Amino acid sequence: MPSKWFMCPNEEIIEIEKCLDKCPYGRRCLPRPYLERIGYDREWRGITPSMAGNGPRLIHLKRVKDYVVKPQGRAFAFLGIQTHQQISFHDFNVLTEEKLSDDKMKGIADLLEVDEERDGWYILTDWKTWGSYRVMRALGHYYVDVQTGEFFKSGPRKGKPKTKKEKRIDPAQADIKDVKYQLNRYRMFYEGKKFRISQIQMACVIRDGGVRIAAERGLSNNIEMIEIPIIPDVQVHLFYDTLTQEVEDAFQRPGTVRKCDDWECWGGRRCEGCEVREPCEEMGS
Ligand code: SF4
Ligand code: SF4
């Protein structure tokens with residue numbers, strides 16, 4: 001079942017159809033074309049590469065439960081859709097928004113272009129529209145507390161060492177597990193069609209690029225390029241086969257699907273704004 005209701009700014013719930021027909025409050029809280037665009041979910045076509053990082057319970061509940069959408073909560077998803085539409089262009093040596101499939105799955109890859117340094121090879125790119133914090137983590141940047149050598153002279157922390165935040169960079173800690181699976185799956189689609197892929201990468205448009213917080217996070221560009229490692233096909237298949245099986249089992253035996261794990265629910269932060277939180281809580285852990 002799809003998204004069925006909107007939550008208005010006054011927290012009243014209204015059917016999406018009724019909202020789109022006529023706002024009962026006179027002046028709309030947001031433009032109607034925006035509401036129309038974000039009020040519908042994509043048709044269910046099974047697990048796709050872009051679902052990496054979504055837990056089976058989240059995927060399942062969004063298929064079987066009607067749920068409420070907060071229009072403000074989908075602003076960044078809307079921005080991502082617009083970005084994809086803007087960069088969907090065609091050139092003699094470029095493939096964009098290409099619909100791909102094999103015997104297991106379907107997906108749409110953002111961009112494939114010739115590798116100008118390697119004859120007969122191609123570079124695969126995925127566009128993301130992310131906040132600077134997410135980009136910083138994807139680059140493997142993180143902060144640690146280091147002692148300054150000074151001590152608090154008064155207050156509740158008197159005698160304790162003073163610390164300051166120091167940045168560390170470790171590509172091994174880059175938080176890219178979901179895109180690693182997603183982009184490697186696109187690579188496999190293309191390789192199945194005899195394209196040779198020399199490199200896969202993300203082009204991250206930073207939503208808050210150019211402002212102080214992004215600069216403090218060490219991001220001086222508005223678009224950050226992040227290379228994604230090529231991983232073995234067997235690893236990618238195992239990941240998606242497991243997710244597909246878990247979701248299929250959920251349809252067969254409703255109520256038994258496991259809760260999203262720590263990675264899938266961002267350590268619990270995702271649950272706070274999750275659109276299917278209520279039925280998830282009813283299900284228990
Ligand atoms: S336009 Fe906004 S306030 Fe009006 S019904 Fe729709 S969601 Fe509610
Ligand atoms: S509330 Fe949390 S655990 Fe439940 S479906 Fe949503 S993200 Fe997953």
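A residue counts as near a ligand if its C-beta atom, placed from the backbone, lies within 6 Å of that ligand. Keep that in mind for the two ligands later on.

First, what we are looking at. This is a predicted model, in which local features need pLDDT of at least 70 and side-chain atom pairs count only at pLDDT 80 or more, while totals for chains, interfaces and linings use all residues. Residues are numbered from 1 along each chain as its sequence is written, and chains are lettered from A and ligands numbered from 1 in the order in which they are written.

The protein has 10 helices and 10 strands; these are DSSP runs numbered from the N terminus, helices being H or I of at least four residues and strands E of at least two. Of its 285 residues, 24% are buried, meaning that 20 or more other C-beta atoms lie within 10 Å of the residue's own, again placed from the backbone.

Now the interior. A nonpolar core is a set of buried Ala, Val, Leu, Ile, Met, Phe, Trp, Tyr and Cys residues joined through C-beta atoms within 7 Å. The largest one holds 42 residues, and those touching the most other members include Leu58, Val135 and Cys204. Several elements give two or more residues to this core, among them α3 (56-64), α6 (177-192) and α8 (233-252). The largest share, 6 residues, comes from α6.

Where does α6 meet α8? Tyr181, Asn184, Arg185 and Met188 in α6 meet Asp233, Val236, Phe239 and Tyr240 in α8, a contact being C-beta atoms, placed from the backbone, within 7 Å. The two axes come within 10 Å and cross at roughly 115°; axes are lines fitted to C-alpha atoms, for helices over the stretch in contact, and angles run from 0 to 180 degrees between N-to-C directions.

Back to the ligands. Around ligand 2 there are 13 residues, and the closest are Leu58, Cys260, Cys271, Cys274 and Cys280. Helix α3 gives the largest share of this shell, 3 residues. By class, the shell has 8 nonpolar, 1 polar and 4 charged residues. Here Ala, Val, Leu, Ile, Met, Phe, Trp, Tyr, Cys and Pro count as nonpolar, Asp, Glu, Lys and Arg as charged, and the others, Gly among them, as polar.

Ligand 1 has residues around it that include Cys8, Cys19, Cys23, Cys29 and Arg28. Its shell has 11 nonpolar, no polar and 1 charged residues.

How values were computed:
A residue is buried if 20 or more other C-beta atoms lie within 10 Å of its own, exposed if 12 or fewer, and partly exposed in between; C-beta atoms are placed from the backbone. Two residues are in contact if their C-beta atoms, placed from the backbone, lie within 7 Å.
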